Amino acid sequence: MGKKITILLTVLSIIVLIGLGYIYLKDQNIMLINTKGIIAEKQRNLIFIATGLMLIIVIPVYFMAAWFPYRYRESRKSNDYRPDYDSNNTLETIWWGIPIAIIGVIAVITWISTHELDPYKPLAKKNQQKTIQVISMQWKWLFIYPEEKIVSVNKILIPEDKPISFQITSDAPMNSFWIPQLAGQIYSMNGMSTMLHIEGNELGSYEGMSSNISGEGFSDMRFKVDVVNQKEYDSWVDKIKQSNEVFGMSQYKQLSTPSIRNVQQQFVLTDEDIYQQVMAKYMAKEGMTKDNHQSHAGGGS
């Protein structure tokens with residue numbers, strides 16, 4: 001009777017935990033799972049597959065961790081004493097063969113997905129995708145639309161089902177650009193230009209963020225990504241172009257002053273080389289540093 005009660009209580013405890021977990025999670029927006037873009041969806045599926053394969057090992061291990069002490073407890077007198085028993089070919093095959101097979105499967109999946117989900121890999125031909133230049137600052141995000149000649153601070157608007165090519169750099173400490181429901185993250189570094197390709201496949205507003213600690217304003221360094229239809233996108237661009245708010249290098253210098261909890265802003269772009277100038281600023285510093293090192297080395301010889 002005691003054994004049956006123990007089993008019953010264990011089963012009831014598991015059911016209660018599953019129920020509480022469901023109640024807590026059913027209204028939660030878990031961004032890595034609730035994906036809205038083709039890249040994020042493939043990444044989510046990869047997480048599910050890898051987790052499922054690992055659970056094939058983990059679940060039996062947890063089961064045996066509880067069952068073995070109970071099965072071979074000291075108070076159980078019915079166990080056979082077999083001091084010469086040291087090997088079982090069937091069991092050896094199982095606990096070596098299954099992990100090796102799983103590792104092999106994960107290796108193949110990793111190889112394929114690494115190439116398929118390369119952030120530098122375009123989702124369409126160059127003339128079929130939209131380019132947005134991204135500059136991470138302290139502590140805000142600047143988005144430049146070179147084709148439309150507009151600028152946006154802490155807000156991205158993109159057309160539905162349109163492949164987007166982000167060119168990303170930094171004018172501050174290294175950061176990481178991340179839109180969890182649309183794609184994975186990629187670093188922004190000064191003097192370097194990284195890339196990320198995404199496609200929003202469902203209308204809606206999604207959260208973008210900094211995923212690399214960069215100082216005092218890191219936690220508020222967030223932005224909105226709105227996926228809209230083409231008509232709404234064109235209307236947004238036209239509205240910005242009709243405003244008197246212009247954005248050139250002088251406005252950029254004012255914006256680059258460190259600040260926290262920055263509001264969304266949009267401007268008409270008057271200097272098309274801002275991204276290249278930010279890149280060149282750090283490349284020039286690197287070149288000067290190398291020249292100084294070489295001159296010091298030459299002077300001391």
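This is a predicted model: local features need pLDDT of at least 70, side-chain atom pairs count only at pLDDT 80 or more; totals for chains, interfaces and linings use all residues.
Trainee: Okay, and are α2 and α3 roughly parallel or antiparallel to each other?

Mentor: Let's look at the axes. Those of helix α2 (residues 38-71) and helix α3 (residues 89-116) come within 10 Å and cross at roughly 170 degrees. Angles over 145 degrees count as roughly antiparallel. So α2 and α3 are roughly antiparallel.

Trainee: Now the open sheet of seven strands: which ones stand at the edges?

Mentor: Read along the order, β8-β5-β1-β2-β3-β12-β11, where the pairing is mixed. An edge strand here has a single partner, so one side of it is left without a neighbour in the sheet.

Trainee: What is the bridge partner of V151 in β12?

Mentor: Strand β3 covers residues 150-153, and it pairs with strand β12 (residues 265-269) in the antiparallel sense over four bridges. Within β12, the partner of V151 is F267.

Trainee: One last thing: does S214 count as buried or exposed?

Mentor: S214 lies in the loop between β9 (204-210) and β10 (222-228). Leaving out residues up to four places away in sequence, S214 touches Q138, W139, M174, N175 and M221, and its side chain makes a polar contact of 3.1 Å with that of N175. The cut-off for buried is under 20% relative accessible area. S214 has 10% relative accessibility, so it counts as buried.

Conventions
Residues are numbered from 1 along each chain as its sequence is written. Side-chain values use heavy atoms; hydrogens and water are left out. Axes are lines fitted to C-alpha atoms, for helices over the stretch in contact, and angles run from 0 to 180 degrees between N-to-C directions. Helices (H or I, at least four residues) and strands (E, at least two) are DSSP runs, numbered from the N terminus. Angles under 35 degrees count as roughly parallel, over 145 as roughly antiparallel, 65 to 115 as roughly perpendicular and the rest as oblique. Two strands pair if DSSP finds at least two bridges between them. Buried means under 20% relative accessible area, exposed over 50%, partly exposed in between (1.4 Å probe, protein chains only). A polar contact is a pair of N or O atoms within 3.5 Å; within protein, one must be able to donate a hydrogen and the other to accept it, and residues adjacent in sequence count only if both atoms are side-chain atoms. Contact means heavy atoms within 4.5 Å.
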